Amino acid sequence: MGLTKWLWFGGICGVALIIYFPSFLHLLHGETYTYWMDTQGHNSFWDLTTHWYDYEKVRLFAPGDRWLFKPLIFIIAGFEKSYFGLDYVWWRIFAFAMRIFAIFCFYRLVWKIRAGILAVAFTLLFAVSYIFLNTVLYE
């Protein structure tokens with residue numbers, strides 16, 4: 001990528017950081033909170049991924065829909081908990097880094113389709129859209 005494309009991408013990342021930064025300090029909520037509560041005492045990546053990947057079947061607090069199967073979400077949550085411990089701010093920073101990776105992939109795709117300001121505008125819309133806010137808040 002040329003220097004101009006990198007500058008545009010840096011600007012998009014800066015705007016995304018400004019938008020997402022307040023969410024780094026939000027408290028855990030929903031299923032992430034119950035996962036955090038249920039897995040107290042389980043800290044190894046192997047334990048968290050082998051026993052908790054099908055979280056809906058083994059959850060203790062507020063059992064939900066037992067038919068749901070979301071292994072990728074809980075493998076990532078297991079990685080975050082084993083690596084960052086109970087400091088969930090780092091969970092959010094990791095989720096934001098993954099969001100930046102998704103923005104980068106989208107930016108490259110759109111730039112290949114139509115290089116220029118239109119690609120930047122679509123990527124900026126993708127980066128700060130309210131619909132995707134849960135990708136950082138919910139992990």
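Predicted model: local features only at pLDDT ≥ 70, side-chain atom pairs only at ≥ 80, totals over all residues.
**Entry 1: a glycine to start with**

I opened the notebook at Gly 116, which counts as partly exposed because its relative accessibility is 23%. Gly 116 belongs to the loop between H6 and H7. I then looked up how far Gly 116 is from Trp 8: the two are 108 residues apart along the chain, and their C-alpha atoms are separated by 9.8 Å.

**Entry 2: the whole chain**

Next I stepped back to look at the fold. I found 8 helices and 0 strands in the protein chain. Reading along the sequence, I noted the pattern α-α-α-α-α-α-α-α. For the dimensions, I wrote down about 50 × 30 × 25 Å for the C-alpha trace along its principal axes.

How much of the chain is buried? I got 36% of the 139 residues. The accessible surface came out at about 8400 Å², and carbon and sulfur atoms own 75% of that.

I also checked the contacts between residues at least 6 apart in sequence; 65% of these join residues at least 24 apart. For charges, I listed 11 positive and 9 negative side chains, with 14 Å between the centres of the two sets.

**Entry 3: ring pairs**

Aromatic rings were next on my list. A pair of rings is described by the distance of the centres and the angle of the planes, and those are the values I noted. The structure holds 17 aromatic pairs. I picked out Phe 24 and Phe 96, whose centres are 5.6 Å apart with 70° between the planes. That pair is edge-to-face, because an angle over 60 degrees counts as such.

Which parts of the chain does this pair link? Phe 24 is in the loop between helix H1 (3–20) and helix H2 (30–38), while Phe 96 is in helix H6 (residues 88–113). The two are 72 residues apart, so I marked the pair as a link between distant parts of the chain.

I then turned to Tyr 83 and Phe 84, another edge-to-face pair, with 4.9 Å centre to centre and 80° between the planes. Tyr 83 goes down in my notes as exposed, because its relative accessibility is 61%. Both residues also turn up in a cluster that ring pairs build from Phe 45, Phe 79, Tyr 83, Phe 84, Trp 90 and Phe 94.

The charged end of Arg 99 sits over the ring of Phe 126, and I noted 4.5 Å from the ring's centre.

**Entry 4: Val 89 and its contacts**

I went back to H6 for Val 89, which has its place in that helix. Val 89 is partly exposed, since its relative accessible area is 22%. Leaving aside neighbours within four places in sequence, I found Val 89 in contact with Phe 24 and Leu 25.

**Entry 5: Thr 123 and Phe 106**

Thr 123 was my next stop, in helix H7 (residues 117–128). Thr 123 counts as buried because its relative accessibility is 0%. What does Thr 123 touch, leaving aside neighbours within four places in sequence? My list reads Ile 12, Ile 103, Phe 106, Tyr 107 and Val 110.

I followed one of these, Phe 106, into helix H6. Its relative accessible area is 25%, so Phe 106 counts as partly exposed. Not counting residues up to four places away in sequence, Phe 106 touches Phe 122, Thr 123 and Phe 126. Phe 126 is the residue whose ring lies under the charged end of Arg 99. I also took a distance from Phe 106 to Thr 135: 15 Å between the C-alpha atoms, for residues 29 apart along the chain.

Thr 49 is buried, because its relative accessible area is 12%.

How values were computed:
Residues numbered from 1 in each chain as written. Heavy atoms only, no water. Phe/Tyr/Trp six-rings, centres within 6.5 Å; stacked < 30°, edge-to-face > 60°. Helix = DSSP H or I, 4+ residues; strand = E, 2+ residues; numbered from the N terminus. Buried < 20%, exposed > 50% of the residue type's maximum accessible area, 1.4 Å probe, protein only. Lys NZ or Arg CZ within 6 Å of the ring centre and 35° of its normal. Contact = heavy atoms within 4.5 Å. Areas by Shrake-Rupley, 256 points an atom, 1.4 Å probe, with all protein chains shown as cover. Lys, Arg positive; Asp, Glu negative; His and termini not counted. Charge placed at Lys NZ, Arg CZ, Asp CG, Glu CD.
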